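Let's take a walk through this structure together. Have the viewer open and follow along as we go.

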Amino acid sequence: MDKRVCHILYTTKRPEVVFAKGDAMRLWDTNGKEYLDFVGGWAVCALGHSPKVLVDAIQNQAATLINASPAFFNVPMLEFADALCNAIGKDKVFFMSTGAEANESAIKLARKFGQKEKGGAYKIITTLGAFHGRTLATMSATGKPQWEPLFAPKVPGFTHVPLNNIDAMRGAIDAQTCAVMIELIQGEGGVNECTHDYVKALRQLCDENNILLIIDEVQTGIGRTGHLLATELYNVSADIITLGKGIGGGVPLSAMCCNSELDIFEPGDQGGTYTAQPLVMAAGLAVLNAVNTPAFLAHVREMGAYLKQRLQEIGLSNVRGQGLLIAGDIEGRAQDIVQTLFEQGIILNAPNPNSIRFIPPLIVERSHIDAVIDAIRPFV
Ligand SMILES: Cc1ncc(COP(=O)(O)O)c(C=O)c1O
């Protein structure tokens with residue numbers, strides 16, 4: 001093992017390999033071993049590893065302007081903001097680097113709304129099993145029971161209710177509530193889908209109570225479900241949408257989007273050194289242009305349907321998800337199987353001991369899916 005790993009602060013258990021190169025659906029480690037990647041940078045590398053459009057965009061922008069300062073507008077910032085807002089039907093966007101920052105920003109905007117419009121309302125209701133990030137506020141928002149005792153005291157003002165239970169949501173709302181924050185499909189929680197009826201009722205509940213609906217599309221957004229956004233799949237309009245992961249195709253980019261009525265921050269309320277940094281703006285535009293075509297999104301839906309069908313054929317239980325955000329269950333053995341397959345050169349993820357998750361780059365083809373199916377079959 002490379003001795004220099006000793007300098008990396010221990011925050012997660014990593015296998016004893018070091019990755020050196022990527023191309024499309026493949027990664028190679030420093031020993032030259034090849035891997036078929038069905039995790040894709042954790043649902044990030046939408047166009048695969050080092051795709052030409054992204055490399056070209058970053059190279060061209062690097063040679064033109066890397067950083068102009070967050071205090072100024074820059075050309076790729078305006079180009080990407082215009083393209084993104086038009087594509088998703090929102091008026092305004094604030095750019096950052098990570099999904100957690102996008103959600104932190106949404107939390108701040110919701111509290112600002114509460115201060116201005118609802119007599120200081122500050123509480124946000126989220127769902128059990130949700131994942132919203134690892135800053136203190138987004139960890140507090142996250143509905144992971146095992147995080148409950150961590151880093152006390154948590155940021156106050158978050159209530160967690162069971163997913164798909166509209167009565168529990170209704171019961172949690174009080175005069176201090178300013179927003180509800182949900183993932184339409186919980187990704188890290190194990191690919192748990194909201195029902196369409198629940199989402200419809202939730203929108204109505206938010207309207208009746210004048211509270212904001214924040215939809216965290218960090219994992220589901222920018223083509224992952226076979227639609228540009230999962231809100232299209234659910235035919236729901238969010239007051240605030242957060243995006244991350246796939247939006248940058250592998251570079252650190254996230255966004256919080258809303259309409260003009262919520263353009264209520266005042267100077268100093270929100271910002272950041274790397275907001276709308278030209279290099280990542282150019283990357284975001286290149287990814288959006290590639291993903292947001294009917295043919296590309298149809299490919300995601302087709303590959304997702306094929307993957308689901310093949311997983312069902314080999315007998316994986318409870319196959320679920322949309323587009324290329326898919327999971328199935330293998331009672332208690334998921335982590336062992338993922339580890340064994342990794343040794344065989346196939347990268348998958350187990351979000352919990354019972355589930356295997358499939359979040360490949362959106363450019364995946366049938367032949368890659370067949371290879372993964374052949375590898376999993378003996379374990380099912
Ligand atoms: C739905 C969702 N929200 C937020 C986050 C946090 O994003 P990041 O790790 O980029 O901060 C994630 C990461 O997995 C996520 O899946």
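Two strands count as paired here if DSSP finds at least two bridges between them. With that in hand, look at β14 (residues 325-329) and β17 (residues 355-358): four bridges join these antiparallel strands. One spot to look at is Asp329, which sits opposite Ser355 in β17. Keep in mind throughout that this is a predicted model.

Now zoom out to the sheet around that pair. It's an open sheet of four strands, in the order β13-β14-β17-β16, with antiparallel pairing. The edges belong to β13 (317-322) and β16 (349-352); each has a single partner strand, so one side of each lacks a neighbour in the sheet. On average, and ignoring direction, neighbouring strands of this sheet are turned by 25 degrees against each other.

Two helices lie across these strands. Helix α10 (residues 294-313) covers β13, β14 and β17, running at about 175 degrees to β13. Helix α11 (residues 334-343) lies across β16 and β17, at about 165 degrees to β16.

Next, hop over to helix α2 (residues 52-64). Its 13 residues reach 18 Å from first C-alpha to last, close to the 18 Å expected at 1.5 Å a residue. Its buried residues are Leu54, Ala57 and Gln61. Why do they end up on the same side of α2? They cover an arc of only 65 degrees around the axis, which puts them there. The helical repeat is handy to recall: at 3.6 residues a turn, residues three or four places apart point the same way. The buried residues of α2 pack against α3 (75-88) and α9 (278-291), while on the other side of α2, Lys52, Gln59, Asn60 and Ala63 are exposed.

Finally, the aromatics. A search of the whole structure turns up five aromatic pairs. In one of them, the rings of Phe80 and Phe95 have centres 5.2 Å apart and planes at 20 degrees, so the pair is stacked. This pair links distant parts of the chain, with Phe80 in helix α3 and Phe95 in strand β4 (residues 92-96), 15 residues apart. Phe80 is buried at 0% relative accessibility, and Phe95 is buried too, with a relative accessible area of 3%.

Phe131 and Trp147 make an edge-to-face pair, 5.5 Å centre to centre with 65 degrees between the planes. Here the partners sit in loops 16 residues apart: Phe131 between β5 (123-127) and α5 (136-141), Trp147 between α5 and β6 (158-161). Phe131 counts as buried at 19% relative accessibility, given that the cut-off is under 20%. Trp147 is buried at 7%. Elsewhere, ring pairs link Phe19, Tyr35 and Phe342 into a cluster.

Terms used:
Residues are numbered from 1 along each chain as its sequence is written. This is a predicted model: local features need pLDDT of at least 70, side-chain atom pairs count only at pLDDT 80 or more; totals for chains, interfaces and linings use all residues. Side-chain values use heavy atoms; hydrogens and water are left out. Axes are lines fitted to C-alpha atoms, for helices over the stretch in contact, and angles run from 0 to 180 degrees between N-to-C directions. Contact means heavy atoms within 4.5 Å. The expected span of a helix is 1.5 Å times one less than its number of residues. Buried means under 20% relative accessible area, exposed over 50%, partly exposed in between (1.4 Å probe, protein chains only). The arc is that of the directions from the helix axis to the C-beta atoms. Rings of Phe, Tyr and Trp (its six-membered ring) pair if their centres lie within 6.5 Å; planes under 30 degrees apart count as stacked, over 60 as edge-to-face and the rest as tilted.
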